[in-house]
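Subject: Handing over a structure

Dear colleague,

Please find the structure below, together with its sequence.

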Amino acid sequence: MRILLTNDDGIEAEGLACLERIARTISDDVWVCAPAVEQSGKGRGITLTEPLRVLNLGEKRFAVTGTPTDCVVLAVNDLMPEKPDLVLSGVNRGHNIGEDVSYSGTVAGALQGMAFGIRSIALSQSLERFHDEVVAHWETAEAFAPAIIGRLLAQKWAPGVVMNLNFPNRRPEEVDQVEVTTQGFRDVGEMHAVRRTDLRGRDYYWMSFRGEKREHAEGTDLRAIDEGRISVTPLHIDLTHMSSVYDLKKVLGGAPPKTAPAAA
């Protein structure tokens, strides 16, 4: 099995080294193509307004001056001799659950693999809090990911699906449950911009999260991670809300309307 690894924390990230160890329990044919610098929060972004540079860091190892999506596109189309059988993205420093998945470069790397028809898995390790001095329990992801990936690969996946794995902020011996979950949603008010002032007296803003503890719905990725379980969520890129499609078909279709009814 040929495996392609990417991430959004950058080529030097501890989580990528963890992912390499995980991947090598599955195959000896492991390729790495990751951003040269951190690209957290870039989502599905691609680089269109400047050239991409590829740094060859050794056999089957590349750094790209772009996003995780750029990395997977370049690896699959230009840097690898054949398309990989599996794309693994991560292991992210911090979980990617709830609405995080729409911002996450880690999930985006997996989504681009899926777009190429490659089975793809995003992996993230939860943190107590997102501060530089906090050390992630990489050993937890490393302990459980190989067997979970093996179980996933033994199953047939629906087209357009990626698997999103999140490991709780606990040591391996403290984790005894894995749960197949749905994507949860937090209160949108948790995300906000902090205003600060630079040395010239000008305001600038830094995006932040309040991170308030809440009771999340049972069966969601948020609840599983809160309660110390490994979360496995099948995701897909189709954002269509089908029940709304059926409702709208009752009032729209055929010739464009000439008049508008009163607003609901």
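Let me start with Cys71, which counts as buried because its relative accessible area is 0%. Please bear in mind throughout that this is a predicted model. The sulfur of Cys71 has that of Cys33 as its closest cysteine sulfur, at 4.5 Å, and this is too far for a bond. The structure as a whole holds zero disulfides. Cys33, for its part, is in no disulfide, the nearest cysteine sulfur being that of Cys71 at 4.5 Å, and with a relative accessibility of 1% Cys33 is buried as well.

Cys71 is one of the buried residues of helix H2, which spans residues 68-79, and the others listed with it are Pro68, Thr69, Asp70, Val72, Leu74, Ala75 and Val76. The elements against which these buried residues pack are the strands E1 (2-6), E2 (29-35), E3 (54-58) and E4 (61-64), together with helix H4 (105-115).

Ala36, which sits in the loop between E2 and E3, is 110 residues from Pro146 along the chain, and here the C-alpha atoms are separated by 26 Å. Ala36 is partly exposed, at 27% relative accessible area. If its neighbours within four places in sequence are left aside, the residues in contact with Ala36 are Ile11, Ala63, Val64 and Thr65.

Two details of the backbone deserve a careful look when you open the model. As background, most residues other than glycine have a negative phi, and most peptide bonds are trans. Lys60, in the loop between E3 and E4, has a positive phi, near 60°, and is not a glycine; with a relative accessibility of 24%, Lys60 counts as partly exposed. The other detail concerns Gly90 and Val91, which are joined by a cis peptide bond with an omega of about -15°, and Val91 belongs to strand E5.

What does Phe167 touch, not counting residues up to four places away in sequence? Its contacts are Leu123, Ser124, Gln125, Ser126, Thr140, Ala141, Phe144, Ala145, Ile148, Ile225 and Ile230. Trp138 lies 29 residues from Phe167 in sequence, with 9.1 Å between their C-alpha atoms.

Turning to the chain as a whole, its secondary structure amounts to seven helices and eleven strands. Taken along the principal axes, the box filled by the C-alpha atoms is roughly 65 × 50 × 45 Å. Buried residues make up 45% of the 264 in the chain. Where contacts join residues at least 6 apart in sequence, 74% of them are between residues at least 24 apart.

As for the surface, the accessible area of the chain is about 15,000 Å², and carbon and sulfur atoms account for 53% of it. The chain carries 29 positive and 37 negative side chains, with 5 Å between the centres of the two sets.

Conventions:
Residues are numbered from 1 along each chain as its sequence is written. This is a predicted model: local features need pLDDT of at least 70, side-chain atom pairs count only at pLDDT 80 or more; totals for chains, interfaces and linings use all residues. Side-chain values use heavy atoms; hydrogens and water are left out. Helices (H or I, at least four residues) and strands (E, at least two) are DSSP runs, numbered from the N terminus. Buried means under 20% relative accessible area, exposed over 50%, partly exposed in between (1.4 Å probe, protein chains only). Contact means heavy atoms within 4.5 Å. Accessible areas come from the Shrake-Rupley method with a 1.4 Å probe; for residues, only the protein chains shown count as cover. Lys and Arg count as positive and Asp and Glu as negative; His and the chain ends are not counted. The place of a charge is taken as NZ of Lys, CZ of Arg, CG of Asp or CD of Glu. A disulfide is a pair of cysteine sulfur atoms within 2.5 Å.
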